[in-house]
Amino acid sequence: MQLEARQTFIREKVMKKLIISLCVLFPNIAFSQASVDLINARQQAFVHIENQSEQVEDMLDEDAPNWNEIELISHELSKHSQLLTTAFPEGSQDGSKAKEAVWNKPEKFNQLMQEMDSGFVQLYQASQQQDKALAEAGLEQAQDTCNACHR
């Protein structure tokens, strides 16, 4: 009887330690996965921005731009850039390919992200007005901020 009681006691003690360990580890595992998901979302947004910016640039070079298509793409660009303005929270640099300056000088980086977003908003508004000069200026502003970060 004493042996069974002792074994039960040991099992309960081991189970409590396991539960406590899981409670401590689970948030770290969840945070780690959240960081991986956030990094992937950032990378995908940048890939879309690069591809769609080039696409719009080519479309604006045409004699008769397809304004409906430019409006759709510029709306997507604006959504991607808006996502990126909040996609670099402190603590999400582990596993990131972002340059150290993003984390060491967040004010400058955030300013550039806002400028990029502003350019894409201008592009979107210009596409609605079918204003080629304004659209080109908005796209150039957004692309200039991309280039500024990568210098």
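**Exercise 1. What volume does the second largest pocket have, and which residues line this pocket?**

Keep in mind that we're working with a predicted model.

*Step 1.* The volume of the second largest pocket comes to about 150 Å³.

*Step 2.* Now walk around the lining: you'll meet Thr85, Thr86, Phe88, Pro89, Glu90, Gly91, Gln93, Val102, Trp103, Pro106 and Asn110. Helix 3 (100-104) and helix 4 (106-129) are the elements that each give two or more residues to it.

*Step 3.* Sort the lining by class and you get five nonpolar, five polar and one charged residues.

**Exercise 2. Work out which aromatic rings pair up with Phe88, and how.**

*Step 1.* Searching the whole structure turns up three aromatic pairs. In one of them, the ring centres of Phe46 and Phe88 are 6.2 Å apart with planes at 55 degrees, so this pair is tilted. Phe46 sits in helix 1 (residues 2-60) and Phe88 in the loop between helix 2 and helix 3, 42 residues apart.

*Step 2.* Phe88 also pairs with Phe109, edge-to-face, at 4.7 Å centre to centre and 75 degrees between the planes. Phe109 belongs to helix 4, so this pair ties together parts 21 residues apart in sequence.

*Step 3.* Zoom out: ring pairs join Phe46, Phe88, Trp103 and Phe109 into a cluster. Arg42 lies over the face of Phe88, 4.4 Å from the ring centre.

Conventions
Residues are numbered from 1 along each chain as its sequence is written. This is a predicted model: local features need pLDDT of at least 70, side-chain atom pairs count only at pLDDT 80 or more; totals for chains, interfaces and linings use all residues. Side-chain values use heavy atoms; hydrogens and water are left out. On a 1 Å grid over the protein atoms alone, a cavity is a set of points where a 1.4 Å probe fits but cannot get out, and a pocket is an open set with protein on both sides within 12 Å along at least five of seven lines; lining residues have an atom within 4 Å of a point. Grid points are joined across faces, edges and corners, and a volume is the space filled by probe spheres set on the points. Helices (H or I, at least four residues) and strands (E, at least two) are DSSP runs, numbered from the N terminus. Ala, Val, Leu, Ile, Met, Phe, Trp, Tyr, Cys and Pro count as nonpolar, Asp, Glu, Lys and Arg as charged, and the others, Gly among them, as polar. Rings of Phe, Tyr and Trp (its six-membered ring) pair if their centres lie within 6.5 Å; planes under 30 degrees apart count as stacked, over 60 as edge-to-face and the rest as tilted. A charge sits over a ring if NZ of Lys or CZ of Arg is within 6 Å of the ring centre and within 35 degrees of the ring normal.
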